[in-house]
Amino acid sequence: MKYRKLKGVQDILPPDISVWQFIEEKAGNIFRSYGYREIRLPIMESTDVFTRSIGETSDIVEKEMYTFQDKGNRSITLRPEGTAPFVRAYVENHLYNEPAPQKYYYMGPMFRYERPQANRYRQFYQIGAEAMGIDDPKLDAEIISMLSSILEAIGLKELNFEITSIGCKECRPDYIKALKDFLEDKLIDLCSDCGRRFKTNPLRVLDCKVPGCVKARKGSPPMVDYLCKDCGDHFEQLNNNLKKLNVQHTINPSLVRGLDYYTKTAFEVSSENLGSQSAVAAGGRYDGMVKEFGGPATPGIGFAIGMERIIPLINDSLKTTDGPELLICPLGEEAAEESLIIAEQLRAKGHWVEVNYDNTSIRSQLRKANRIGAKNVIVLGDDELENRKVALKNMTDKTEQIVALASDELLKILKTD
RNA sequence: GUGAGUGUAGCUCAGCUGGUUAGAGUGCCUGACUGUGGCUCAGGAUGUCGAGGGUUCGAACCCCUUCACUCACCCCA
């Protein structure tokens, strides 16, 4: 084989496409019922769109971005996530001038240079939503409820909704200090990764799976205890609203976000039925980001669903392999030409009609009809051409009906199927 | 970037402590059935044994290198 696909990308073939379309359709319908409108953005941006917002020292920026120089020596990056480009577009197109909340959704590929793994790819697809201009926790509750509706509509079960608040510019530093104070004298018990995390991103120590670290951080102060008045109230109201909306969730104070721009609400949905990469969707509030992008101070909240994370959870029965409504099997050259004409007439009426191009035995043509899942078949030979009548055979119940060899006669039969 | 596992037919995989001509199942094609499918039966096609090097009288099998895939760590949807 001369060429192979790049590491971490995948070819999505027709049997799987029906699953993708199912998800996209369900999600789109629910988005629109909540007033979210589709937005389509470029898959590449100026590199600094990401470095500033995601955080210079985050793993994504440090080692996972597909970045290259274009012919004009500009640094370009294939988007590793959807929110930063969205905020760029939001500001650039002055979308904040529309009445708040402004609500958008998108579906498309993201790119991260990571080692591929089960349910993790270098090119992966996200379905995302962003709601701008409102900082009321009712909106937080509503968007989480919408996410829940989408996942439910797709038929996912055994999901865990976890939420927390990671505070804001005011209260988070206090908490980080408190956490570091707590961990300081336990540093020897932590794994080497956590030793590093202690310096770069102490919050990360909270979700380390190494048993020694789990033990060492026992009794560590929870973030929610350190929230300022504003963040604390926000979080409390969010919880109340979620209860009223009947969204089952748990509070996980050690939930950590990988991106720097998040404030207050952070949430994640995971599945017990995936491998190690169990997060199917995640999101949070980003109240400072629009201003950082040069727009007016505007709160925002959003989430993204990982397509590749939900697809393995979907029932395989959605993988359909449809066949044509009619396969025309000609015997001989004259019949073959006549077949083309009939097929064209039926297609013009919107029917899926195939013509068999192999001039082989009727047996082998019917075998083929069976294999491609044709619903009906007509055999077109010398007799049929002469009498202008054909037997239209239903492949499922084996019945045959003699009809005139004319498109509208055939049409009548096809329609009743 | 780190660690482990796996590469044999289109697909799933056998192939003993190295032994001569590399197999099975499934799928594919054809026929039995002169113009009627699925079942059955018979026949047929398809492999640089991932690649390169080495050891050996002899390598799919042992050794080295390399590539690819998979899973996990890191991190994340």
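The structure is a predicted model, in which local features need pLDDT of at least 70 and side-chain atom pairs pLDDT 80 or more, while totals for chains, interfaces and linings use all residues. Residues are numbered from 1 along each chain as written, chains are lettered from A and ligands numbered from 1 in written order, and side-chain values use heavy atoms, without hydrogens and water.

Helix α5 spans residues 137-153 and α9 residues 229-244 (helices: DSSP runs of H or I, at least four residues; strands: E, at least two). Their axes lie 8 Å apart, at an angle of about 45° (lines fitted to C-alpha atoms over the stretch in contact; angles from 0 to 180 degrees between N-to-C directions). The crossing is right-handed (near helix turned clockwise from the far one by less than a right angle).

One cavity of 30 Å³ or more is found in the whole structure (points on a 1 Å grid where a 1.4 Å probe fits but cannot get out; lining residues have an atom within 4 Å of a point). The largest cavity holds about 60 Å³ of space (volume filled by probe spheres set on the points). Its lining includes T164, S165, R172 and Y175. Strand β7 (159-165) and helix α6 (172-184) each give two or more residues to this lining. By class, eight lining residues are nonpolar, two polar and one charged.

Technical notes
1 Å grid on protein atoms, 1.4 Å probe; cavity = no way out; pocket = protein on both sides within 12 Å on 5 of 7 lines; lining within 4 Å. Nonpolar A, V, L, I, M, F, W, Y, C, P; charged D, E, K, R; others polar.
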